[in-house]
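Let's take a walk through this structure together, one spot at a time. Keep the sequence and the 3D view side by side as you read.

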Amino acid sequence: MRCLVCQDFSWQIICRTCQTTLLKPTIKRRKIFDQFEVISFYEYSEIAPLLHTKHHYIGASVFTIMARNSFVHFAQHFDQKATAIAIDDRIERSGYSHTAILAHALKSAMIQVCYGALQAKHDVSYSGKSLQYRLQHPRGFQYKGPKDDIILVDDIVTTGTTLQEAYSAAKREGANPLFALTLADAQETETI
């Protein structure tokens with residue numbers, strides 16, 4: 001098969017060279033509403049075609065590779081007890097949940113993972129939609145997870161409306177969202 005990124009022959013869907021060079025993460029931090037921090041590993045423009053694979057069966061392999069290159073390393077250096085909560089981790093038509101794959105990569109001695117804890121009542125797609133549309137069509141999250149320190153997990157932060165809704169739903173039910181982790185940030189941010 002050919003590498004999705006460079007098109008060279010590879011035994012994996014993304015070759016080792018691209019995994020270690022082109023998919024090398026750079027941590028980015030962004031504050032959204034009420035100074036809630038979102039930590040991302042890539043600029044959206046760097047991995048946009050790979051993010052779009054979430055709508056296809058090959059996305060499971062792609063997201064596993066990206067999670068291994070970013071979320072796994074983050075978890076290895078995180079030194080506080082917390083629970084990773086994937087945002088709306090329902091199984092998609094493609095047969096998997098991309099947010100569950102990301103959350104699973106955080107499983108470590110300090111981070112446990114809780115699946116199905118934060119689900120949207122309304123099936124609204126924000127892909128390519130304006131901020132106005134997002135505000136007029138809330139997803140209506142329901143939180144049924146642990147009431148302790150949590151890390152919200154999603155694939156991308158654009159306007160922050162999804163994370164704000166998820167944060168509010170978890171807070172209402174007694175959880176303490178510490179921060180959010182995303183693969184990509186669609187806005188330029190400070191690099192650390």
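Predicted model: local features only at pLDDT ≥ 70, side-chain atom pairs only at ≥ 80, totals over all residues.

**Charged partners**

R29 and E37 make a salt bridge, with their closest N and O atoms 3.1 Å apart. Residues are numbered from 1 along each chain as its sequence is written, and side-chain values use heavy atoms, with hydrogens and water left out.

Back to our pair. R29 counts as partly exposed at 31% relative accessibility, whereas E37 counts as buried at 18%. Here "buried" means under 20% relative accessible area, "exposed" means over 50%, and "partly exposed" is in between (1.4 Å probe, protein chains only). What lets such partners get together? Side chains of opposite charge can pair when their charged atoms come close.

A search of the whole structure turns up five salt bridges. Another one of them joins the side chains of K54 and D155, at 2.6 Å from N to O. This pair links distant parts of the chain: K54 is in the loop between α2 and α3, D155 is in strand β7 (residues 149-157), and the two are 101 residues apart. Those element names come from DSSP runs, numbered from the N terminus: helices are H or I runs of at least four residues, and strands are E runs of at least two.

Are K54 and D155 buried or exposed? Both are buried, and K54 has a relative accessible area of 19%. To find K54, look between α2 (44-51) and α3 (59-69). Leaving out residues up to four places away in sequence, K54 touches G59, F63, S94, Y96, H98 and D155. Touching, or contact, means heavy atoms within 4.5 Å.

**Two neighbours in a loop**

Now move to the loop between β3 (82-86) and α5 (98-104), where you'll find D88. D88 has a positive phi of about 50 degrees, although it is not a glycine. It also forms a salt bridge with R90, the closest N and O atoms being 3.0 Å apart. D88 is buried, with a relative accessible area of 11%, but R90 is partly exposed at 35%.

D89 lies in the loop between β3 and α5 too. What about a salt bridge for D89? D89 is buried yet has none, and the nearest side chain of opposite charge, R90, is 7.1 Å away. For that search, Lys and Arg count as positive and Asp and Glu as negative, while His and the chain ends are not counted. Setting aside residues up to four places away in sequence, D89 touches S97, T99, A100, Y115, G116, L118 and Q119.

Q7 is not a glycine, but it has a positive phi of about 70 degrees. Q7 is partly exposed, with a relative accessible area of 42%.

**Along helix α7**

Next stop: helix α7 (residues 161-172), which has twelve residues. From its first C-alpha to its last it reaches 16 Å, close to the 16 Å expected; the expected span is 1.5 Å times one less than the number of residues. Which residues of α7 are buried? They are T161, T162, L163, A166, Y167, A169 and A170.

Take Y167, which lies in α7 and counts as buried at 16% relative accessibility. Not counting residues up to four places away in sequence, Y167 touches F33, F36, L152 and P177. Just after α7, G174 takes a positive phi of about 95 degrees.

**Stepping back**

Finally, zoom out. The protein chain has seven helices and nine strands. Its radius of gyration is 16 Å, close to the 16 Å that the globule rule gives for 192 residues, so the chain is as compact as a globular protein of that length. That radius is taken over C-alpha atoms, and the rule is 2.2 Å times the number of residues to the power 0.38. Of the 192 residues, 51% count as buried.

Note on methods: Salt bridge = Lys/Arg side-chain N within 4 Å of Asp/Glu carboxyl O.
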